[in-house]
Amino acid sequence: MLIKYFMQKFIQKGIFILRFRYFKKYGNALRKLFLKIQGMKIGKATGIPKMHVTWPHQVTIGHKCRLEHDIYFHYDGIWKEGPSIIIGNNNFIGYGCEFNITKKITIGNDCLIASGSKFIDHNHGTSLASLMREQISTEKEIVIGNNVWIGANVIVLSGVTIKDGAIIAAGAVLNKNVPANEIWGGIPAKKIGDRVNAISAINDNK
C-alpha cells in the first residue's frame with residue numbers, strides 16, 4: 001500500500017510538472033510564433049494560451065500580460081488592415097472573455113478583466129421596415145483606460161468609455177460612459193459608489 005501511494009504521488013506530481021512547466025511553456029512559444037506569422041503583435045513576457053482568433057493581424061497585445069484560456073478575439077468582418085483590438089501592458093484577461101469587434105477597442109495598462117466578460121462594439125438596426133438581421137449595424141469604439149477592474153461576466157456595449165481607475169461590478173451590463181475612479185454595477189449599470197484613498201478612509205472612521 002505504501003509503495004502504491006508513493007508511486008501514485010510520483011506519477012501525478014510528475015505529470016503535473018510536465019503539463020504546467022514544460023508543455024505549457026513550449027505550447028505558448030509555438031502558439032506565439034504561429035500567431036505572429038499571421039500578423040498578431042505580442043509583447044515581451046506575454047504568454048499565449050489556447051484561444052480563438054479570427055484575424056490575428058487585428059490584435060495587438062502589450063508586454064507582461066497574463067491571458068487565461070478560451071479567450072475569443074473575434075474581429076467581425078472581412079479582411080482589412082488592423083489592428084482593431086489593442087491591449088496595453090500588464091493586463092490580466094480571464095477565462096472565456098470575448099471581444100466581438102467590428103470597429104475598435106482600446107484597453108490601457110494595468111487592467112483586470114475577469115472571466116466571462118464580453119465587449120461588443122456594434123448594434124443591429126431595429127427599424128420595423130425590415131428584418132433586423134438584414135439591417136445595417138451601427139458601430140462605435142470602446143475605450144478602457146488604465147488601472148480598470150472589470151468583474152466577472154460584465155458586458156460592455158458599443159461606444160462605452162471607462163475612465164482610469166474605475167471598477168465595474170460582476171454581472172453588469174454597461175451602456176454608458178464611466179468616469180474615473182467610480183464604481184458601477186447593475187443592469188443597466190449605474191453608479192453605486194466611489195473608490196476612496198485608504199488613508200482617507202481610516203481618518204474618516206476615527
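Me: Let's start in β11. Which residue there is the bridge partner of Glu98?
Reply: Lys118 is the bridge partner of Glu98 in β11. Keep in mind as we go that this is a predicted model.

Me: What's the strand order in the open sheet of 6 strands?
Reply: The order is β2-β5-β8-β11-β16-β19, and the pairing is parallel.

Me: Switching to packing. Which residues touch the most other members in the largest nonpolar core?
Reply: Phe73, Phe99, Ile144 and Ile162 do, in a core of 37 residues. At least two residues of this core come from each of β3 (59-61), β6, β8, β9 and β14 (142-144).

Me: What is Ile162 in contact with, leaving aside neighbours within four places in sequence?
Reply: Its contacts are Val143, Ile144, Gly145, Val148, Ile150, Val156, Ile168, Leu174 and Val178.

Me: Now the rings. How many aromatic pairs does the count come to?
Reply: The count comes to 2 aromatic pairs. In one of them, Phe73 and Phe99 are stacked, at 5.2 Å centre to centre with 25° between the planes. This pair links distant parts of the chain, since Phe73 is in strand β5 and Phe99 is in strand β8, 26 residues apart.

Me: Are those two buried or exposed?
Reply: Phe73 counts as buried because its relative accessibility is 1%. Phe99 is buried too, at 0%.

Me: And why is the pair of Phe99 and Phe119 called stacked?
Reply: Their planes are at 10°, and planes under 30 degrees apart count as stacked. The ring centres are 4.9 Å apart. Phe99 lies in strand β8 and Phe119 in strand β11, so this pair ties together parts that are 20 residues apart in sequence. Phe119 has 0% relative accessibility, so Phe119 counts as buried.

Me: So what do the ring pairs link into a cluster?
Reply: They link Phe73, Phe99 and Phe119.

Me: Okay, loops. Where is Asp76, and what does Asp76 touch?
Reply: Asp76 sits in the loop between β5 (72-75) and β6 (85-87). Not counting residues up to four places away in sequence, Asp76 touches Asn100, Ile101, Thr102 and His122. The C-alpha atoms of Asp76 and His122 are separated by 9.6 Å, and the two residues are 46 residues apart along the chain. At 35% relative accessibility, Asp76 is partly exposed.

Me: What about Thr102, buried or exposed?
Reply: Thr102 is buried, with a relative accessible area of 10%. Its place is the loop between β8 (98-101) and β9 (105-107).

Me: Which side chain does the side chain of Thr102 join in a polar contact?
Reply: That of Glu139, at 3.0 Å.

Me: Where are the cis peptide bonds?
Reply: One joins Gly82 and Pro83, with omega about 5°, and Pro83 is in the loop between β5 and β6. Another runs from Ile187 to Pro188, with omega near -15°. Pro188 is in the loop between β20 (182-185) and β21.

Me: Last one: which residues other than glycine have a positive phi?
Reply: Lys64 is one of them, with phi of about 55°. Lys64 is in the loop between β3 and β4 and is exposed, at 57% relative accessible area. Asp70 also has a positive phi, near 65°. The loop between β4 and β5 holds Asp70, which is partly exposed at 31%.

How values were computed
Residues numbered from 1 in each chain as written. Predicted model: local features only at pLDDT ≥ 70, side-chain atom pairs only at ≥ 80, totals over all residues. Heavy atoms only, no water. Helix = DSSP H or I, 4+ residues; strand = E, 2+ residues; numbered from the N terminus. Buried < 20%, exposed > 50% of the residue type's maximum accessible area, 1.4 Å probe, protein only. Contact = heavy atoms within 4.5 Å. Polar contact = N/O pair within 3.5 Å; in protein donor to acceptor, adjacent residues only side chain to side chain. Pairing = 2+ DSSP bridges. Core = buried A, V, L, I, M, F, W, Y, C linked by side-chain atoms within 4.5 Å. Phe/Tyr/Trp six-rings, centres within 6.5 Å; stacked < 30°, edge-to-face > 60°.
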